[in-house]
Amino acid sequence: MDYQETLSYLYNSTPMFQNVGKDAYKEGLENTLILDGYFSHPHTKFKTIHVAGTNGKGSSSHTIAAILQSAGYKTGLYTSPHLLDFSERIRVDGKPIDKKFVVDFVDNHKHVFEPLHPSFFELTTAMAFSYFAEEKVDVAVIEVGLGGRLDCTNIITPDLSVITNISLDHTQFLGHTLSEIASEKAGIIKPGVPVVIGEYTDETKPVFVNKANETGSEIVFAQDNQMIVDYKKTSDGLFRYHTKLFLDELCGELGGNCQIKNTNTILNATVKLRETGYNISDDNIKNGFRNVCKFTGLMGRWQKMEEHPDVICDTGHNIGGMEYIVGQLSGVEYDNVHIVIGMVNDKDVNGVVSMLPKNARYYFTQASVKRALGADEMKEIGFNHGLSGDSYPCVKKAFETARSNAGSNDLIFVGGSTFIVADFMALYKNND
């Protein structure tokens, strides 16, 4: 098989959450442990940092990886989902996994995979750990796929655990209350391993405290240890922070409002890494923040794609993420705002849509995945919440219509789902 044939095999022979949702979710670590044993426990051959949370774990994982790269560590990065190509999920020093490795991994070992019937994520986690071991990385930043306690990344014993925040998402798997979801995510806290909690509520804090006491783990609540003294947004769309760590400014490349809290979490995590023996200088931290997209290939976080009109996309896709996006949209100064939006059918669509600004023009659409909510149904929900606009069968048509309607001083925002952003960014790739 060549690379594309191998991807087709992976997508079609293993249940893929990105496409089918709950039918791809496999509770428990049985398959993961079997695969780990078969590959001789590759995750034990490098250091790890484990990152969980409802929102912000992708940005945090990429930024921590960028800081480690700046410090001279050969750094693996495992995240999900991908936007344009599978290889984005597994990186070493920002470079996507070698496509030949993907092909050979499947060709050489599918006789082991097929009797197990692993999920897509179980299989790709085994691939990631094997690749990092072969590449002899010093450390790998591992983003949890879903939840924590039963996520197949949870076989690692990291140097540091990070839990960014908790909000209601994936409730069909993780529970219907914040404390239930926090309990699942707290499952990544390991005996004696320090943990940084980015944000907490009265409902979630006791869950984290109890788990840390049970495992004998030092716990740091970043929310109570503010590293940011002040910040401002500059004309180039970047955040400039004054922090307790540096005499001069820290410039963050990521411009979404959610990055303020993410930055505080990351700084607390970096301080803890220093305390555990990582050699990370102030300049390494500043370099990592300033170049996170360049160093790691991060895309889709309040990313400006065009100007006049400004075109911005963001992968925020639940109530917690959309709160920041709506706040940011309400704070912009444009003549008109055009919003290209679609969601998947297992999210709180009504909850998200109810938050959206009423004074924008909407282009309701659907992503090219089976989980996508139909564009007409999305439009009907929008109308029920006082939004106006039309429905379009695909992201390409929705965006092209928005761009034809927008004036030079307008804003076009594209989002609502990671998969909407993926289809949108594919338009640029196809035009290269």
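Biologist: Two strands pair if DSSP finds at least two bridges between them. With that settled, what order do the strands take in the open sheet of eight strands?

Modeller: The order is S4-S3-S2-S5-S1-S6-S7-S8, and the pairing is mixed. Strand S4 (95–96) and strand S8 (219–221) are the edge strands, each pairing on one side only. The labels follow DSSP runs numbered from the N terminus, with helices being H or I of at least four residues and strands being E of at least two. This is a predicted model, in which local features need pLDDT of at least 70 and side-chain atom pairs count only at pLDDT 80 or more, while totals for chains, interfaces and linings use all residues. Residues are numbered from 1 along each chain as its sequence is written, and side-chain values use heavy atoms, leaving out hydrogens and water.

Biologist: How do S6 and S7 run, and how many bridges join them?

Modeller: Strand S6 (residues 160–163) and strand S7 (residues 195–197) run parallel and are joined by three bridges. Val 162 has Val 196 in S7 as its bridge partner.

Biologist: Which strands does helix H6 lie across?

Modeller: Helix H6 (residues 120–134) lies across strand S2 (75–78), strand S3 (90–92), S4 and strand S5 (139–143), at about 10 degrees to S3. Angles run from 0 to 180 degrees between N-to-C directions, and axes are lines fitted to C-alpha atoms, for helices over the stretch in contact. Contact means heavy atoms within 4.5 Å.

Biologist: Turning to H1 and H5, at what angle do they pack?

Modeller: Helix H1 (residues 3–13) and helix H5 (residues 99–116) pack at about 40 degrees, with axes 9 Å apart. Their arrangement is therefore oblique, since angles under 35 degrees count as roughly parallel, over 145 as roughly antiparallel, 65 to 115 as roughly perpendicular and the rest as oblique.

Biologist: Which residues meet there?

Modeller: From H1, Tyr 3, Thr 6, Tyr 9 and Leu 10 meet residues of H5 including Val 102, Val 106 and Glu 114.

Biologist: New topic: where is Arg 301 found?

Modeller: Arg 301 is in the loop between helix H12 (292–296) and strand S12 (303–306). At a relative accessible area of 23%, Arg 301 is partly exposed; buried means under 20%, exposed over 50% and partly exposed in between, with a 1.4 Å probe and protein chains only. Leaving aside residues up to four places away in sequence, Arg 301 touches several residues, among them Gly 58, Leu 254 and Cys 313.

Biologist: Which way do the residues of S13 point, including Cys 313?

Modeller: In strand S13 (residues 310–313), Asp 310 and Ile 312 point one way, Val 311 and Cys 313 the other, and all are buried. In a regular strand the side chains alternate between the two faces of the sheet.

Biologist: What are the partners of S13?

Modeller: S13 pairs with S12 in the antiparallel sense over three bridges, and Gln 303 stands opposite Cys 313. The two strands form a hairpin with three residues between them, where His 308 in the turn has a positive phi of about 55 degrees. Four bridges also join S13 to strand S17 (residues 411–415), running parallel.

Biologist: Last one: how many disulfides are there?

Modeller: Zero disulfides are counted, a disulfide being a pair of cysteine sulfur atoms within 2.5 Å. For Cys 394, the nearest cysteine sulfur is that of Cys 313, 17 Å away. Cys 394 is partly exposed at 33% relative accessible area, whereas Cys 152 is buried at 6%.
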